[in-house]
Amino acid sequence: MTTLIAICDFLAKEFPQSPCLVEAIGPQSATVRYQVDTQSLRPGGTVSGPVLMTTADVGLYAAILGEIGIVALAVTTNLNINFLRKPSADKDIIGECKLIKVGRQLIIGEVALYSEGDDRMVAHAVGTYAIPSE
């Protein structure tokens, strides 16, 4: 398993524009945080859909790197999200990611997204990633 520090260093170097922070890496899992600010909001005082999708995508990518090592060219092939309730405009978004299937060529995972401090999911995502052949 790749360490949290190694993943954070890789993401900082390769994706310095990412607003997400990887907080934890575990066996086939990761926890990420999207720091919500005024640019994260949409009309109506809620966190935008692209923020939730970004959090899910970064979280799944981090969980995959934690499981198979730093594979820079692992790419998203599908990301499906269900928006469940209005996220809080003044709380960070937390993504709890779990890998469902780890194959040689495809990895499938899911992400439960929450407003920090609230145990009710605001969205649920499922993603598939292609792993490059060596």
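Analyst: Contact here means heavy atoms within 4.5 Å. Axes are lines fitted to C-alpha atoms, for helices over the stretch in contact, with angles from 0 to 180 degrees between N-to-C directions. Helices (H or I, at least four residues) and strands (E, at least two) are DSSP runs, numbered from the N terminus. With that in hand, α2 lies across β1, β2, β5, β6 (93-102), β7 (106-115) and β8, and runs at about 45° to β6.
Some ground rules: this is a predicted model, where local features need pLDDT of at least 70 and side-chain atom pairs count only at pLDDT 80 or more, while totals for chains, interfaces and linings use all residues. Residues are numbered from 1 along each chain as its sequence is written, and side-chain values use heavy atoms, with hydrogens and water left out.

User: Why is leucine 60 called buried?

Analyst: Buried means under 20% relative accessible area, exposed over 50%, and partly exposed in between (1.4 Å probe, protein chains only). Leucine 60 has a relative accessible area of 1%, so it counts as buried. This residue sits in helix α2 (residues 49-68). Beyond its neighbours within four places in sequence, leucine 60 is in contact with residues including Leu79, Cys97, Val111 and Tyr129. Valine 111 is 51 residues away along the chain, yet the two C-alpha atoms are separated by 7.3 Å.

User: What makes glutamine 28 partly exposed?

Analyst: Its relative accessible area is 29%, so glutamine 28 gets the label partly exposed. It belongs to the loop between β1 (20-26) and β2 (29-34). Glutamine 28 also has a positive phi of about 50°, although it is not a glycine.

User: How do you know that the buried residues of α1 line one face?

Analyst: In α1 (residues 4-14), the buried ones are Ile7, Phe10 and Leu11. Seen down the helix axis, they fall within an arc of 95°, so they line one face of α1. That arc is taken from the directions from the helix axis to the C-beta atoms. These buried residues pack against β1 and α2. The face turned away carries the exposed Ile5, Asp9, Ala12 and Lys13.

User: What makes β1 and β5 edge strands?

Analyst: Two strands pair if DSSP finds at least two bridges between them. The open sheet has 6 strands in the order β1-β2-β6-β7-β8-β5, with antiparallel pairing. β1 and β5 (75-83) each pair on one side only, and that makes them the edges. For β5, the partner is β8 (residues 121-130), antiparallel over 8 bridges.
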